[in-house]
Amino acid sequence: MFNNIVDRTNTNCAKWDEAINQEKIDDLIPLTVADMDFRSSPEIINSLVEVANHGIYGYTNISEKYITSSISWIEKYHNWIPKKEWFVYCPRIIQAISMIIQNFTLKGDKVMVSTPLYSPIQKAIISNERELVNNDLLLIDNHYEIDFEDFEKKIKSGVKIYICVSPHNPTGRVWTKDEIKKIIEICKKYNVLIVADEVHADFIWRGKFTSFGYYLDSYDNIVICSSPSKTFNIPGLEASNIFIKNEKIRTKFSNILHNSGIHNPNYFSVFAVEAAYSSSSEWYYFLKQQLKKNINYVSDFFDNIKGLRVISAEGTFLQWIDYRELNITESELKSILLKSNILVNLGSEFGDSGLGFLRINIATPRKTLEKALNSLKHTLMEEGLL
């Protein structure tokens, strides 16, 4: 199943068609956008075929099964139990984050993130005319850590919201219980709203995932964002689950969505989520095995490439790679990559602290991954960099 190459070109694919059209390279391999080049689970596909055959795609409500199966999954895999009344549907997590920025802060207010970080979150802060505050992570012995001295110094400078991505994108860090507890203690001390983006929580390779939901009894000024989109490769169906214990915050956020015209989900998303969380555990199990094999392959591959070093990933299906020892500019690297018919996410997309790094998405069939990386190795040899 996960070795089959599915042609995604000419499907209006944001990952493949957009990259090919932009770079004018027909056989380009994009290892960029964080969706997977695998077909979703048979249970999801069969469910969507069945409901498509109904033939009426009217306005749809969230079902009881949607909510209960989502909560059951979180209880089983994320180790905490949200209550049904805490649930709020939102199509996409980035929409939820943007609306919280717009409505829980004023123009000029400070919103903090830990960088390098997924660029749409940073752009949401800047485009909404808030002040982006960067808490740069520390790279120590091939392992990223939070600089808590800098963290508290900046939090107490007047930060209104701290957005935490866990597992972290792009570095792959999975924040520990102690780290999350310390984040919460500092934010509680200065009454800072925490928005936790936990979209990659189902992909943990080392350690154990700890949700911010685990600490809601000690601090409920937290918005927890989860979604089946990464786990089951259904981001185009747009279904995200926002859990907010604090009734005042939840009511305000729900009203914001309603006032923005967001209330009924996509017709197909309800059935997809039901099938994902209630019937696709076996598919998910084998998916993780394949992803882990790909991660090991990438790690072994770059171990034999001088000047390129993989930052050991604890979570996500993304790999963060340090190329600083090649002593080339980002522009030069992009030229080498395009000559290899590869497109990746360059480090500068994730902020200044991302310079000298690149991010690749390994959620693709092994043959595709091998073709891309061997092509890169060949080009590096041609350029005299190996």
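The following legends describe close-up views of a predicted model.

**View 1. The largest nonpolar core and its most connected members.** This core holds 103 residues, among which Phe 151, Ile 183, Phe 212, Leu 291 and Phe 302 touch the most other members. The element that gives the most to this core is helix H10 (residues 281-303), with 9 residues. A second, separate core of 30 residues includes Val 111, Cys 225, Ile 242 and Leu 257.

**View 2. Surroundings of Phe 151.** Not counting residues up to four places away in sequence, Phe 151 touches Met 112, Asn 135, Ile 146, Tyr 162, Ile 183, Ile 186 and Cys 187. Of these, Ile 183 is itself listed with Phe 151 among the residues that touch the most other members of the largest core.

**View 3. Helix H10 and its covering elements.** H10 comprises 23 residues and spans 33 Å from its first C-alpha to its last, close to the 33 Å expected at 1.5 Å a residue. Its buried residues include Trp 283, Tyr 284, Leu 287, Leu 291, Ile 295 and Phe 302, and also the polar Gln 290 and Asn 294. Among the elements that cover the buried residues of H10 are helices H2 (42-52), H3 (64-78) and H12 (366-382), together with strands S11 (309-311), S12 (318-322) and S15 (357-361).

**View 4. Arg 130, a buried residue without a salt bridge.** Arg 130 is found in the loop between helix H5 (119-127) and strand S4 (131-136). The nearest side chain of opposite charge is that of Asp 109, 5.9 Å away; because a salt bridge requires the nitrogen and oxygen within 4 Å, Asp 109 does not qualify as a partner. A polar atom of the Arg 130 side chain does lie 3.3 Å from the backbone oxygen of Leu 106. Contacts of Arg 130 beyond four places in sequence include Ile 101, Gln 102, Thr 105, Lys 107, Gly 108, Val 111 and Ile 125.

**View 5. The salt bridge between Asp 35 and Lys 15.** The closest N and O atoms of this pair are 3.8 Å apart, and both residues are buried. Asp 35 lies in the loop between strand S1 (29-30) and H2, whereas Lys 15 belongs to the segment before helix H1 (17-23), 20 residues apart.

**View 6. The salt bridge between Asp 217 and Lys 245.** Here the closest N and O atoms are 3.0 Å apart. Asp 217 is exposed, with a relative accessible area of 75%, while Lys 245 is partly exposed at 25%.

Notes: Residues are numbered from 1 along each chain as its sequence is written. This is a predicted model: local features need pLDDT of at least 70, side-chain atom pairs count only at pLDDT 80 or more; totals for chains, interfaces and linings use all residues. Side-chain values use heavy atoms; hydrogens and water are left out. A nonpolar core is a set of buried Ala, Val, Leu, Ile, Met, Phe, Trp, Tyr and Cys residues joined through side-chain atoms within 4.5 Å. Buried means under 20% relative accessible area, exposed over 50%, partly exposed in between (1.4 Å probe, protein chains only). Helices (H or I, at least four residues) and strands (E, at least two) are DSSP runs, numbered from the N terminus. Contact means heavy atoms within 4.5 Å. The expected span of a helix is 1.5 Å times one less than its number of residues. Lys and Arg count as positive and Asp and Glu as negative; His and the chain ends are not counted. A polar contact is a pair of N or O atoms within 3.5 Å; within protein, one must be able to donate a hydrogen and the other to accept it, and residues adjacent in sequence count only if both atoms are side-chain atoms.
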